[in-house]
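Subject: Structure handover

Hello,

I am passing this structure on to you. Please look through it first; my notes follow below.

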Amino acid sequence: MAPSKGSARRFVIGLGTLGAAVVLGFVAFTANQGRLPGTPVSTVRAAFDDVGQLQPGSEVRENGITVGQVSAIALVNGTPLVTMELHDGAPVYRDGYAGIWDQSALAQKFVELRPGTSASGPLGDAVLPVAQTESTHDVVQLLDVFDQPTRDALSTALRALGGGLAGYGPGLHEFVATAPGDLADVSTISTTLVSRQTDLPGFLRTADRISDRFTGREQQIGELLAQTDATLRGLDVDGGQPLGLTLDKLPATLVTARGALHDADQPLADLAAATDDLRSGAHSLGRATPDVRGVFREAPEPLGKVSGVAHDAKPAVDDLSDTLSDAEPFTPKLADALTSAAEPLKVLAPYAADLGTFGYDLSNLIIDHDGWEHRLRIMAGSPTAVSVLGNQIKDANNPYPTPGQAVRDRDATGGLIPGK
């Protein structure tokens with residue numbers, strides 16, 4: 001009897017479902033191994049002195065991030081050889097590094113791989129030598145370095161610790177309950193510390209230098225912590241209510257302070273300019289200080305004579321006071337006279353040089369004499385020539401010169417320049 005179409009359809013659907021389950025299972029298995037189907041894989045081999053509890057399937061990490069897994073561990077010529085498969089075909093170079101590190105306190109291991117630099121060339125099928133790998137260190141090996149008395153003391157300490165924890169069951173239970181979250185935080189911190197962006201050795205060196213700075217200052221640090229504790233206790237007074245009120249008012253206070261600081265910009269700028277001016281003045285005062293010191297050093301002797309000079313000058317000063325008192329009524333009249341003389345003086349101002357020449361000639365007329373006998377000779381000649389005391393005025397063709405012109409017409413001897 002031939003199968004019906006419904007039976008054939010159900011068979012095809014079941015077969016397809018089974019195939020999909022197989023594919024999903026394969027994908028899940030490969031994803032659990034740290035990679036997806038079809039992704040490129042590169043193989044790296046490294047030699048170690050001791051692999052400890054490392055097993056095939058253990059993780060291979062780079063800066064805490066899983067990049068592959070251990071595919072095989074073999075003993076070659078007495079040396080453990082670890083074969084690793086890296087996801088995405090991550091390259092490894094000849095100066096790379098591999099170390100077997102602890103994944104947990106339960107002796108689980110993983111391989112920490114550093115690919116190296118491209119300048120050294122790709123590793124290829126070569127093996128990372130033992131000189132470029134770090135073997136595992138188990139707790140058992142650590143205990144082997146202790147002698148028997150030390151082991152006995154450590155055993156006693158562990159028993160005492162267990163007995164001490166026995167009385168803190170609730171607290172220990174609470175710690176165990178919160179441990180997963182705490183361990184997750186520790187894992188995040190550890191991942192950050194071993195990332196490429198974190199320079200953990202540099203941080204530890206800096207911390208070591210800081211701790212050296214604190215050496216010998218333990219008492220001051222203790223006092224500082226005591227003062228900090230007292231300050232915090234003071235802030236916690238009344239349940240922290242005053243501190244809360246202060247913090248509530250702090251935003252408005254900061255806004256006001258910012259406005260006040262903004263308003264202070266211009267006064268501060270003026271203060272800066274005034275400070276610059278004051279700096280130059282102070283500099284000049286500093287340069288003048290030696291002169292001022294000299295004045296103070298030489299001044300006592302002249303100042304000592306001032307009292308005698310003042311005593312001798314007192315009668316003259318008294319007479320001068322009387323004179324000034326007598327001249328006081330005359331002063332307004334003198335001022336009026338000077339004011340009235342302003343206009344005539346303006347008219348005579350252009351003739352100042354001519355008036356000076358007239359005065360000079362008049363003085364010659366008065367002082368020219370022969371012993372006690374003064375002589376003045378006036379000769380009439382041409383209408384344009386007159387001789388005064390031997391100084392002849394020649395060709396005075398311009399009897400009314402412009403102001404100052406007569407002075408310019410005189411020659412070096414006092415006469416007029418010919419032809420003028």
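**The cavity**

The largest cavity has a volume of about 40 Å³. Grid points are joined across faces, edges and corners, and the volume is the space filled by probe spheres set on the points. A search of the whole structure finds one cavity of 30 Å³ or more.

This is a predicted model, in which local features need pLDDT of at least 70 and side-chain atom pairs count only at pLDDT 80 or more, while totals for chains, interfaces and linings use all residues. Residues are numbered from 1 along each chain as its sequence is written, and side-chain values use heavy atoms, with hydrogens and water left out.

The lining of the largest cavity consists of Glu62, Val67, Leu86, Ala90, Pro91, Val92, Leu113 and Pro115; lining residues have an atom within 4 Å of a point. By class, seven of the lining residues are nonpolar, none is polar and one is charged. Here Ala, Val, Leu, Ile, Met, Phe, Trp, Tyr, Cys and Pro count as nonpolar, Asp, Glu, Lys and Arg as charged, and the others, Gly among them, as polar.

**The sheet**

Eight strands form an open sheet with mixed pairing, in the order S7-S1-S4-S3-S2-S6-S5-S8. Strands (E, at least two residues) and helices (H or I, at least four) are DSSP runs, numbered from the N terminus. Two strands pair if DSSP finds at least two bridges between them. The edge strands, each pairing on one side only, are S7 (127-128) and S8 (133-134).

Ala46 has Val82 as its bridge partner in S4, and Val41 stands opposite His87 in S4.

S3 and S4 pair in the antiparallel sense over eight bridges, with Val76 opposite Thr79 in S4. Their hairpin has two residues between the strands, and Asn77 takes a positive phi near 55 degrees. S2 (residues 59-62) and S3 (residues 65-76) are antiparallel over four bridges. They too form a hairpin with two residues between them, where Asn63 in the turn has a positive phi of about 55 degrees.

Ala98 has Leu113 as its bridge partner in S6 and stands opposite Thr133 in S8. S5 and S8 run parallel, joined by two bridges.

**The helices**

The axes of H7 (residues 241-263) and H8 come within 4 Å and cross at roughly 35 degrees. Axes are lines fitted to C-alpha atoms, for helices over the stretch in contact, and angles run from 0 to 180 degrees between N-to-C directions. Leu261, His262 and Asp263 in H7 meet Asp265, Gln266 and Pro267 in H8, where contact means heavy atoms within 4.5 Å. The residues of this contact divide into two nonpolar, two polar and two charged.

The axes of H8 (residues 265-298) and H9 (residues 300-327) come within 5 Å and cross at roughly 45 degrees. That makes H8 oblique to H9; angles under 35 degrees count as roughly parallel, over 145 as roughly antiparallel, 65 to 115 as roughly perpendicular and the rest as oblique. Phe296, Arg297 and Glu298 in H8 meet Pro300, Glu301 and Pro302 in H9.

Regards

Methods:
1 Å grid on protein atoms, 1.4 Å probe; cavity = no way out; pocket = protein on both sides within 12 Å on 5 of 7 lines; lining within 4 Å.
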